[in-house]
Amino acid sequence: MSAEASCASNDTVIPASASTDDERAGVAVVHHYPLATAGGETAEVAEVAVEQGSTMETSAEEDLSMDDDFRPDDASSYSDYDDQSDASSFLSSLLSSAEDYYWENGRRYHAQGGGRYLLPNDETELDREDMKHHMWMLVTSGRLHLSPIARDPQKILDLGTGTGIWAMQMADLYPSAEVVGTDISPVQPKWVPPNLQFEVDDLEEEWLYKPNSFDLVNVRFMFLAIKDYPAMLEQAYKALKPGGYIEMAELDLNPTPDPEAPYAQKIFEWFKMQDVAIARAGFDMRVAHKFKSMVRDAGFQDVEEHVFEVPWGTWPSEKRQKAIGFWHLEQLKQGLHGIAMASLTRAGWTVSEVEVYLSGLRKEMNDKNYRVLDHGYVVYGRKPLH
């Protein structure tokens, strides 16, 4: 099956780099801390990116055997924000609170907000986040965003930045922009482009950004972090410049079976259980198809929705879909423990019951006879000029 075609202003492929344990250790996290902005022409960067885009034409076999997104880049082109210590006492206090972690069932979680975020923030989960980013870049044909922002944006906000991989690539692509990545956990690398800063912040609290200041607010893979989407969109609307864009991306998480293939009973059973457990925690697992109406209701104009097919596994015949399916299934298998353990044990399961169930689920996921298809949604809208 082929993904649905969609148009956007950014059709580039930017190689990503994985962050090592050493890079993530000691990361400087700030809150509205002064930032130096890099110079340079966006057009020149875009031209280089277009050349890099030719890598998308490689065969599926090459994509599955060699993943450029996990090659560390030369750190000499980055700046170390740890050297900026003018507010060291403030940062020390902030980091102490931000690094308030706890361990549950062998996984590390963030304690902020009473541990309301259901996914771990340890290295296993961070690696999965980078894998998911690579999968999504294949889904969108290498486009970091679909919204038609200006070629020289001045300020970009990435909510729930995670490993910071999207924010880093956007900072490289748009040297004209000050890029801000926020997260409740300071797990981002310390070697970053000079026009990028990471901040510890909870997006569900009141935003402290100056109104009418951002060209783009990016919200990707955040269904387990946002309980009140209308409130988030209201804050994004206020923070965006007139003419600025909100862009939201998420998997639908409502997979469908191929009627001509065996029924993947455990997979669909697992999704039903996760849906109930996550709903009890106050989150909507299947919120993606609601984004379009939410964005319109928030007052945005020119709202566009793009839907992409995301297979589970390598059963599609088309090479890009095969690669998407490979990475999607791999990130799911790596994330199974972290995704299921907290939600199911807090719903009354024992650890041993979860482990036994996940063993059977992994076996079914590895069975190539099953053909499961999900969808990915990208929705963007523009704040009115007047």
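Trainee: Asp302 lies in strand β11 (residues 301-312). What makes Asp302 partly exposed?

Mentor: This is a predicted model, where local features need pLDDT of at least 70 and side-chain atom pairs count only at pLDDT 80 or more. Residues are numbered from 1 along each chain, and side-chain values use heavy atoms, without hydrogens and water. Buried means under 20% relative accessible area, exposed over 50%, and partly exposed in between, with a 1.4 Å probe and protein chains only. Asp302 has 45% relative accessibility, so Asp302 counts as partly exposed.

Trainee: Why does Leu253 count as buried?

Mentor: Leu253 has 10% relative accessibility, so it counts as buried. Leu253 sits in the loop between β9 (240-251) and β10 (256-257).

Trainee: What is phi of Leu253, and what of Asp302?

Mentor: Near 55° for Leu253, a positive value in a residue other than glycine. Near 50° for Asp302, also positive in a non-glycine residue. Most residues other than glycine have a negative phi.

Trainee: Why is α9 called oblique to α11?

Mentor: Helix α9 (residues 265-280) packs on helix α11 (residues 319-345) at about 50°, with axes 9 Å apart. That angle makes α9 oblique to α11. Under 35 degrees is roughly parallel, over 145 roughly antiparallel, 65 to 115 roughly perpendicular, and the rest oblique.

Trainee: Which residues of α9 make the contact?

Mentor: Trp270, Gln274 and Ala277, against Leu336, Ile339, Ala340, Ser343 and Leu344 of α11. Contact means heavy atoms within 4.5 Å. By class, 6 are nonpolar, 2 polar and none charged.

Trainee: How many residues of α7 are buried?

Mentor: In helix α7 (residues 165-173), 8 of 9 residues are buried. Trp166 and Leu173 are among them.

Technical notes. Axes fitted to C-alpha atoms, helices over the stretch in contact; angles between N-to-C directions. Helix = DSSP H or I, 4+ residues; strand = E, 2+ residues; numbered from the N terminus. Nonpolar A, V, L, I, M, F, W, Y, C, P; charged D, E, K, R; others polar.
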